[in-house]
Amino acid sequence: MLNLRPAFFAGVALAGLALPLASHALDVDAALALQRQNNCNKCHHMEREKEGPSFRKIADKYKGKADATDKLVQHLTSSPKVKLADGTEEEHKVIATRPAKDMAQVKNLVEYILAQTKK
Ligand code: HEC
């Protein structure tokens with residue numbers, strides 16, 4: 001009986017960790033796959049600045065803003081002009097999904113990015 005206890009407490013701890021993710025319905029694997037397929041990593045790193053800002057910096061910038069998701073979905077689907085780290089300007093990549101223009105996939109990736117704030 002006694003040696004069942006650690007497993008029980010571990011189970012409770014795991015359930016506690018999984019809850020916030022589950023309630024958000026965020027699909028991390030899908031977000032990472034979409035990001036990989038689109039080569040976003042060429043310019044964005046989770047924590048480091050590259051040609052574009054880190055996803056953490058973006059998340060911090062939009063923290064607490066109610067329209068953050070809409071703004072970033074818009075950003076990823078409308079090719080706005082952006083300034084790269086070296087000062088040159090170009091149109092931001094329009095995200096490609098399969099099937100095309102699947103906003104649920106874009107939104108999932110945006111929510112994943114917005115979740116990368118410094119805790
Ligand atoms: C050629 C380099 C490049 C690629 C590839 C790229 N980005 Fe960006 N991205 C940038 C730059 C530069 C900015 C900075 C815009 C600014 O602050 O002016 C940016 C900004 C952003 C922002 C923040 C917009 C805001 O309003 O602050 C998000 C989110 C983003 N990129 C996501 C992505 C995703 C997702 C992909 C892959 C589909 C991607 N980027 C591909 C260069 C790139």
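The following questions and answers concern a predicted model of a protein with a ligand.

Q: What percentage of the residues of the protein count as buried?
A: A residue is buried if 20 or more other C-beta atoms lie within 10 Å of its own. Of the 119 residues of the protein, the share that counts as buried is 13%.

Q: What percentage of the contacts between residues at least 6 apart in sequence join residues at least 24 apart?
A: The contacts considered here are those in the protein between residues at least 6 apart in sequence. Among these contacts, the share that joins residues at least 24 apart is 60%.

Q: Is α4 parallel, antiparallel, perpendicular or oblique to α5?
A: Two packed helices are described by the angle between their axes and the distance between the axes. The axes of helix α4 (residues 68–77) and helix α5 (residues 103–114) come within 9 Å and cross at roughly 120°. Angles from 65 to 115 degrees count as roughly perpendicular and those over 145 as roughly antiparallel, so an angle between these ranges falls under the remaining class. The relation of α4 to α5 is therefore oblique.

Q: How many nonpolar residues does the contact of α4 with α5 have?
A: α4 passes α5 in a right-handed crossing. From α4, the contact is made by Ala68, Thr69, Leu72, Val73, Leu76 and Thr77, and from α5 by Met103, Val106, Lys107, Val110, Glu111, Ile113 and Leu114. By class, two of these residues are polar, two are charged, and the number of nonpolar residues is nine.

Q: Which element gives the most residues to the shell around the ligand?
A: The ligand is surrounded by 23 residues, and the closest are Asn38, Cys40, Cys43, Gly52 and Val82. At least two residues of the shell come from each of α3 (55–62), α4, β1 (81–83) and α5. With three residues, the element that gives the most is α4.

Q: Is Leu109 buried or exposed?
A: Leu109 lies in helix α5. Leu109 touches Ala31, Leu34 and Gln35, leaving aside residues up to four places away in sequence. Leu109 and Leu34 are 75 residues apart in sequence, and their C-alpha atoms are 7.4 Å apart in space. Because Leu109 has 24 C-beta neighbours inside 10 Å, this residue counts as buried.

Q: How far apart in space are the C-alpha atoms of Asn108 and Ala30?
A: Asn108 is found in helix α5 and is partly exposed, with 18 other C-beta atoms within 10 Å. Leaving aside residues up to four places away in sequence, Asn108 touches Leu26, Asp27, Ala30 and Ala31. Asn108 and Ala30 are 78 residues apart in sequence, and the distance in space from C-alpha to C-alpha is 7.8 Å.

Q: What value is phi of Ser79 near?
A: Ser79 is found in the loop between α4 and β1. With 13 C-beta neighbours inside 10 Å, Ser79 counts as partly exposed. Ser79 is a residue other than glycine, and its phi has a positive value near 40°.

Q: What distance separates the C-alpha atoms of Pro80 and Glu91?
A: Pro80 is placed in the loop between α4 and β1, and it counts as exposed because it has 11 C-beta neighbours inside 10 Å. Leaving aside residues up to four places away in sequence, Pro80 touches His75 and His92. Pro80 and Glu91 are 11 residues apart along the chain, and their C-alpha atoms are separated by 5.5 Å.

Q: Which residue does a cis peptide bond join to Pro99?
A: Pro99 is found in the loop between β2 (89–91) and α5. The cis peptide bond has an omega of about 0°, and the residue it joins to Pro99 is Arg98.

Note on methods: Residues are numbered from 1 along each chain as its sequence is written. This is a predicted model: local features need pLDDT of at least 70, side-chain atom pairs count only at pLDDT 80 or more; totals for chains, interfaces and linings use all residues. Axes are lines fitted to C-alpha atoms, for helices over the stretch in contact, and angles run from 0 to 180 degrees between N-to-C directions. Helices (H or I, at least four residues) and strands (E, at least two) are DSSP runs, numbered from the N terminus. Angles under 35 degrees count as roughly parallel, over 145 as roughly antiparallel, 65 to 115 as roughly perpendicular and the rest as oblique. A crossing is left-handed if the near helix is turned anticlockwise from the far one by less than a right angle, and right-handed if clockwise. Two residues are in contact if their C-beta atoms, placed from the backbone, lie within 7 Å. Ala, Val, Leu, Ile, Met, Phe, Trp, Tyr, Cys and Pro count as nonpolar, Asp, Glu, Lys and Arg as charged, and the others, Gly among them, as polar. A residue is near a molecule or strand if its C-beta atom, placed from the backbone, lies within 6 Å of it. A residue is buried if 20 or more other C-beta atoms lie within 10 Å of its own, exposed if 12 or fewer, and partly exposed in between; C-beta atoms are placed from the backbone.
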